[in-house]
Amino acid sequence: MPTNANYAKLSVGTKALILSKLYYSVLSKSLENLDVERYYSILFFLNEHNGCNQQNICNNLAIDKTAMVKVIDHLIKVGFVDRNVNPDDRREHFIVLTKKGLKQTAEIVKSFNAIDSEIFSEVSKEDQDTFNKVLCQLSSKLKELPATDLFFNYKKTGRKKRTVTSDKV
């Protein structure tokens, strides 16, 4: 982590990246005993929007449609969600948490909330509201600017294993 003086000089994008990496490393650690190994944000979103369509998830979490299909396929395979075809429009799919998915998602929501509580524990409610307001403003402004589509790789990200080698023969 850069020193406070160096951190202040970093771009907003770099600071957001660092914050995200730190946040998700804490989240992953707090959820390591669950059957979930990734896609926490999608499951968190579904907790409040269970039964929404895939496009809604893509739009709200800035995930590419093609990547979303692979993510949903994985979540179906592990038994967390079902994909239901809209009977009025077969091109639309509703994503519904299964009983297993609901149970896992409850733990994910609990972890998100616990982390948020901890990191904001010494931040006033007014500053928290300002922080969230500014984040929304920055996101809105960025959506107005010309940009290239950026795709994130949603493949499994396993923990690195250390290998010990010996020079002895």
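Lysine 29 has a relative accessibility of 55%, so it counts as exposed (buried means under 20% relative accessible area, exposed over 50%, partly exposed in between, with a 1.4 Å probe and protein chains only). This is a predicted model, in which local features need pLDDT of at least 70 and side-chain atom pairs count only at pLDDT 80 or more, while totals for chains, interfaces and linings use all residues. Residues are numbered from 1 along each chain as its sequence is written, and side-chain values use heavy atoms, with hydrogens and water left out.

Lysine 29 forms a salt bridge with glutamate 32, their closest N and O atoms being 3.1 Å apart; a salt bridge is a side-chain nitrogen of Lys or Arg within 4 Å of a carboxyl oxygen of Asp or Glu. Glutamate 32 is partly exposed, because its relative accessibility is 37%. By this rule the structure has six salt bridges, and another of them joins aspartate 73 to arginine 83, with the closest N and O atoms 2.7 Å apart. Because aspartate 73 lies in helix α5 (residues 65-77) and arginine 83 in strand β1 (residues 81-86), this pair ties together parts that are 10 residues apart in sequence. Helices (H or I, at least four residues) and strands (E, at least two) are DSSP runs, numbered from the N terminus.

The cysteines give a contrasting picture. The count of disulfides, pairs of cysteine sulfur atoms within 2.5 Å, is zero. The sulfur of cysteine 52 has its closest cysteine sulfur in cysteine 58, at 9.5 Å, which is too far for a bond. Cysteine 52 is buried, at 9% relative accessibility, whereas cysteine 136 is exposed, at 53%.
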